[in-house]
Amino acid sequence: MTILCVRFQLPPTSEADLPPLLGMLEEFTPVVQALPPDGALADLRGAERYFRRDAVELASVIRVRSLALYGVDCVIGAGPGPMLARMALDDAAPGVTRTVPGEPDAVAEFLADKPVAALPGVGTGTARTLGDYGLDTLGRVATAPLSTLQRLIGAKAGRELREKANGVDRGRVVPNAVSRSLATERPFGRDELDPERHRRALLSAAEEIGARLRALEKVCRTLTLTVRYADRSATTRSRTLTEPTAHSPALTRTAYGLYEALGLQRARVRAVALRAEGLDPADRASHQLTFDPVDEKVRRIEEIADQARAKFGPRAVMPGGLGGRAA
């Protein structure tokens, strides 16, 4: 086991606390990939040789340092690759590192009874399509004919899914900078079925992301939506914006589009999160001029609303869809 997937138990709005924790991980290995808002992947292949400890022992040290230096507990999964480490994390509990051994038989046993949706990158739509044909677990997908999978979900997707279901993990840890993104999460008090409440949470999150970008005088190029479900699985989708922006209505439209593309039906959602990526200075961004006076009016109102929030608090001005309710 050489890859750790760490989820720090941060409050939903505390992504600013993540960089110091990433710095702590980098004391063990320089190969650390941020997974905002609260996680990271760490490749410990060199660290195991250097410290003469295996990944589980190093995970224990990381947990102790996180608690001692930052007062933050963490949940850790370990596996031979990033995909398996992420899946191990979904089964982990605070204080215990969930591990997936590297032996093929152990990997096959770990994956066999898991639902297809537990695989990173598999959405509920794909899982539902496969389930309609009895392919509801990764064990069944692993033994299904490749031609069947390709006929159901496409040639490339079918091939990749079958490889992953058989434990083939081609992913790698790519060091990156968390400062190039902003994220916020909207957890629900209970597993939420109502699509309207999902949309209201997305509206609230997009408004926050837009306000934070404008306060930093930044624009983003990409918006990423993560939906976390009651079974602890998650779906993540990204979309590149037509132009870099910090305009809340544009971010909201994109968030709605990402959500609708998932095709969720009666999904029990535990939380939704938005992340703005590819941040650039606003003064370097281009903006397509229009002759629509409504667009210019909305942007002026947005500027005035930002001033009011800065003076009277973040809830001083809110979209009508959020009025009188907590999102």
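**View 1. Thr-254 is a buried residue, with a relative accessible area of 12%.** Buried here means under 20% relative accessible area, with a 1.4 Å probe and protein chains only. This is a predicted model, in which local features need pLDDT of at least 70, side-chain atom pairs count only at pLDDT 80 or more, and totals for chains, interfaces and linings use all residues. Residues are numbered from 1 along each chain as its sequence is written, and side-chain values use heavy atoms, leaving out hydrogens and water. You will find Thr-254 in helix α11, which spans residues 248–262; helices are DSSP runs (H or I, at least four residues) and strands are runs of E (at least two), numbered from the N terminus. Leaving aside residues up to four places away in sequence, Thr-254 touches Leu-223, Arg-239 and Leu-241, where contact means heavy atoms within 4.5 Å.

**View 2. Helix α4 (residues 82–91) packs with helix α5 (residues 104–112) at an angle of about 50°, their axes 12 Å apart.** That makes α4 oblique to α5 (angles under 35 degrees are roughly parallel, over 145 roughly antiparallel, 65 to 115 roughly perpendicular, and the rest oblique). Axes are lines fitted to C-alpha atoms over the stretch in contact, and angles run from 0 to 180 degrees between N-to-C directions.

**View 3. Leu-84, Met-87, Ala-88 and Asp-91 of α4 meet Val-107, Phe-110 and Leu-111 of α5.** By class, the residues of this contact are six nonpolar, no polar and one charged; Ala, Val, Leu, Ile, Met, Phe, Trp, Tyr, Cys and Pro count as nonpolar, Asp, Glu, Lys and Arg as charged, and the others, Gly among them, as polar.

Definitions and conventions
Buried means under 20% relative accessible area, exposed over 50%, partly exposed in between (1.4 Å probe, protein chains only).
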